[in-house]
Amino acid sequence: MATLVTDRAKIAELWQEPYKVWFPKGKDDPEIVLISVTPDQGEYWDNEGFRKIHYLIESARAYFSGEKPHVGEGGQHGRVK
């Protein structure tokens, strides 16, 4: 179950500079919303080794260019219930 949260004060509270990679306009970008999720199961991908380095390089490129990074899924996959 998920709900959208548009509370600008909460967005500002949670904002961190690395998020600018995904939202070049910063915390005041009108397209940013928070998603409150109540999960019943989940999956994850772990970016270790070379994939982690690739992600860091792509993130840095995106941060300075104002574009979103081009990253693939990690090699390790898991599920949580």
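Here are some friendly notes on the predicted model above, point by point.

1. **Ground rules.** This is a predicted model, in which local features need pLDDT of at least 70 and side-chain atom pairs count only at pLDDT 80 or more, while totals for chains, interfaces and linings use all residues. Residues are numbered from 1 along each chain as its sequence is written, and side-chain values use heavy atoms, with hydrogens and water left out.

2. **Confidence.** The mean pLDDT of the protein chain is 83, and 79% of the residues reach at least 70; pLDDT is the predictor's confidence in each residue, from 0 to 100. Helix α1 has the highest confidence, at 96, whereas strand β4 (residues 76-80) has the lowest, with a mean of 61. Where pLDDT is low, the predicted coordinates should not be read in detail.

3. **Layout.** You will find 2 helices and 4 strands in the protein chain, arranged along the sequence as β-α-β-β-α-β. These elements are DSSP runs numbered from the N terminus: helices are H or I with at least four residues, strands are E with at least two. Of the 81 residues, 15% count as buried. Here buried means under 20% relative accessible area, exposed means over 50%, and partly exposed lies in between (1.4 Å probe, protein chains only).

4. The structure holds 3 salt bridges, each a side-chain nitrogen of Lys or Arg within 4 Å of a carboxyl oxygen of Asp or Glu. One of them joins the side chains of Glu13 and Lys10, at 3.4 Å from N to O. Both residues belong to helix α1 and sit 3 residues apart, about one turn of the helix. Glu13 is exposed, at 55% relative accessible area, while Lys10 is partly exposed, at 33%.

5. In the bridge between Glu58 and Arg61, the closest N and O atoms are 3.1 Å apart; in the bridge between Glu67 and Arg61, the corresponding distance is 3.3 Å. Glu58 and Arg61 both lie in helix α2, 3 residues apart, which is about one turn of the helix. The side chains of Glu58 and Arg61 also make a polar contact of 3.1 Å. A polar contact is a pair of N or O atoms within 3.5 Å; within protein, one must be able to donate a hydrogen and the other to accept it, and residues adjacent in sequence count only if both atoms are side-chain atoms.

6. Is Glu58 buried or exposed? With a relative accessibility of 12%, Glu58 counts as buried. Arg61, at 29%, is partly exposed, and Glu67 is partly exposed too, at 44%.

7. **Aromatic pairs.** A search of the whole structure turns up 2 aromatic pairs. The ring centres of Trp15 and Tyr19 are 5.7 Å apart and the planes meet at 85°, so this pair is edge-to-face. For Tyr63 and Phe64 the centres are 5.1 Å apart and the planes are at 85°, so this pair is edge-to-face as well. The rule is that rings of Phe, Tyr and Trp (its six-membered ring) pair if their centres lie within 6.5 Å; planes under 30 degrees apart count as stacked, over 60 as edge-to-face and the rest as tilted. As for accessibility, Tyr19 is partly exposed at 38%, Tyr63 is partly exposed at 31%, and Phe64 is exposed at 72%.

8. Leu4 belongs to strand β1 (residues 2-5) and is exposed, at 63%.

9. **Links across the sequence.** Pro24, in the loop between α1 (8-14) and β2 (34-37), is partly exposed at 36%. Pro24 and Gly66 are 42 residues apart in sequence and 5.3 Å apart in space, C-alpha to C-alpha.
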